[in-house]
Amino acid sequence: MGIDIIGMGLIYVLSFFLFFCVNGRELELARTGVQMLERRSTAELKGEKFHFFNVRSFGARADGHTDDRHAFLKAWNEACGSIGKVELLIPKGTYLIGPIRFAGPCRNVSSITVLMKNLQGYLKATKDLSEYESSSGWIEFRWTEDLNLTGGGTFDGQGFEAWPQNKCPVRADCKLLPTNLKFIGTNRTAVQNITSLNSKFFHIALVNCKDFKGSQMNISAPGNSPNTDGIHVERSSNVYISRSFIGSGDDCISVGQGNSHITIVGIICGPGHGISVGSLGRYPNEKDVNGLLVKDSIIIGTTNGVRIKTWADSPNSSEATNMTFKNIIMINVHNPIIIDQTYCPFISCSLKAPSRVKLSNIYFKNIRGTSSSAVAVTLKCSQGNPCQNIYFHDVHLDLSSGNKHATSSCTNVRVKYSGTQIPPPCD
């Protein structure tokens, strides 16, 4: 018998329960940490030479109708120009905010905390797309060091009216809509206990960042919202993303070109397109990807589970290597494990030459659950650069329908198998 809707619902709830059983103590500790920080934002911290800047003191009205971006920018400029430890406070209220750029370097500031106090700071993006530059962020942090963004607040991109204007799923020359939160060239950034809703494009993007930690994030958009990737990482190093819920209309997390030492742990992903490497090989002069670990996560009802995607007819050669996916539960996922080196989301693409992205040293370990498609494992590697050193250990993926065994499909690859293998290995 197939898994009925009620059964799937029970599995979904159980997965959340198990996640919180494992991580509940850490989440409670995080909440306690926020409360302690708020309590410390008083006389105790005055002895430590903290400097506080409340956006309401700079004219923010928090009425949900007046654009408060200029008050926020004034508060930021004062905070960034201060000395020592700095806190930018966003109190309870609903703030309408147009596109805004919080830029450093803050040369005399040792750390800067943006605190959305008492879980009730709510920021809403303006809807007029003419206000936004292509490929920009709604809220951008640039060239900062030791930035902390925390407190339980919400960033609402109000993307419903923008999504029909997004032509990127069908056109290569599309205008990129704004990302909810974009971090560019930051060092030692921590983002904890925030919510991102209905971004017009990506929810969170990291570009040229080092030492980024993100945890206890709640990221949400409908499954049919285009290009609303939860977190996109590009040209960054030492990134650690953990203990977060991500549901979107695209990849829960996408790891683009030029990244190294990326760790993703404790993610509940769905709806969306799964956790992906790529797409890679579309643009000239892309850099290599080296060092990725994805583990201890649950992927539910997505189109893909763990995926590596590269374009055919790549303009230059590049490499993606040393990647491990382990301890992952798939629940009713259409393509639980997939390597696709002929990736193309458009109606037509050039297939004149095979992908020039070389994939090697990739490990799939202890991956189990159910597939909603007959082919649970698809490895479609490049004819010009066959995949090398691909390892499968203890993979058990049954069909969601329960009617028959799932199968595997492999092209231009020889896999090294050990332990349990369901579906059976490729011939």
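Leaving aside its neighbours within four places in sequence, with which residues is phenylalanine 183 in contact? Point 6 returns to this residue.

1. Basis of the note. The model is predicted, and local features need pLDDT of at least 70, side-chain atom pairs count only at pLDDT 80 or more, while totals for chains, interfaces and linings use all residues. Residues are numbered from 1 along each chain as its sequence is written, and side-chain values use heavy atoms, with hydrogens and water left out.

2. Eleven strands make up an open sheet with parallel pairing, in the order 5-8-11-14-17-19-21-23-25-27-29. At its edges stand strand 5 (100-103) and strand 29 (407-411); each has a single partner strand, so one side of each is left without a neighbour in the sheet. On average, neighbouring strands of this sheet are turned by 15° against each other, direction ignored. Strands here are DSSP runs (E, at least two residues), as are helices (H or I, at least four residues), and both are numbered from the N terminus. Two strands pair if DSSP finds at least two bridges between them.

3. Strand 8 (residues 137-142) and strand 11 (residues 179-184) run parallel and are joined by five bridges. Glutamate 140 stands opposite lysine 182 in strand 11. Helix 3 (residues 69-80) lies across strand 5 and strand 8 and runs at about 5° to strand 5. Such angles run from 0 to 180 degrees between N-to-C directions, with axes as lines fitted to C-alpha atoms, for helices over the stretch in contact; contact means heavy atoms within 4.5 Å.

4. Aromatic pairs. Rings of Phe, Tyr and Trp (its six-membered ring) pair if their centres lie within 6.5 Å; planes under 30 degrees apart count as stacked, over 60 as edge-to-face and the rest as tilted. The count comes to 16 aromatic pairs by this rule. One of them is the stacked pair of phenylalanine 50 and phenylalanine 52, at 6.0 Å centre to centre with 20° between the planes. Phenylalanine 50 counts as buried at 14% relative accessibility, whereas phenylalanine 52 is partly exposed at 33%. Here buried means under 20% relative accessible area, exposed over 50%, and partly exposed in between (1.4 Å probe, protein chains only). The pair of tyrosine 363 and tyrosine 391 is also stacked, because the ring centres are 4.6 Å apart and the planes lie at 5°. Tyrosine 363 lies in strand 26 (residues 357-371) and tyrosine 391 in strand 28 (residues 387-399), so this pair ties together parts that are 28 residues apart in sequence. Tyrosine 363 is partly exposed, with a relative accessible area of 27%, and tyrosine 391 is partly exposed with 24%.

5. Disulfides. The structure holds five disulfides, a disulfide being a pair of cysteine sulfur atoms within 2.5 Å. In one of them, the sulfur atoms of cysteine 80 and cysteine 106 are 2.0 Å apart. The torsion about their S-S bond is about -110°, so this disulfide is left-handed. Cysteine 80 is in helix 3 and cysteine 106 in the loop between strand 5 and strand 6 (109-116), so to speak distant parts of the chain, 26 residues apart. Both cysteines of this pair, cysteine 80 and cysteine 106, are buried. A second disulfide joins cysteine 381 to cysteine 387, with an S to S distance of 2.0 Å, and this link is left-handed, with -100° about the S-S bond. Cysteine 381 is buried with a relative accessible area of 4%, and cysteine 387 counts as buried at 6%. Cysteine 410 and cysteine 426 are also joined by a disulfide (S to S 1.8 Å); with 70° about the S-S bond, their link is right-handed.

6. Nonpolar core. A nonpolar core is a set of buried Ala, Val, Leu, Ile, Met, Phe, Trp, Tyr and Cys residues joined through side-chain atoms within 4.5 Å. The largest such core has 88 residues, of which Phe72, Trp76, Leu123, Phe141, Phe183 and Phe325 touch the most other members. To answer the opening question, phenylalanine 183 is in contact with Phe141, Leu147, Leu149, Thr189, Val191, Ile204, Ala205, Leu206, Val207, Cys209 and Phe212, leaving aside its neighbours within four places in sequence.
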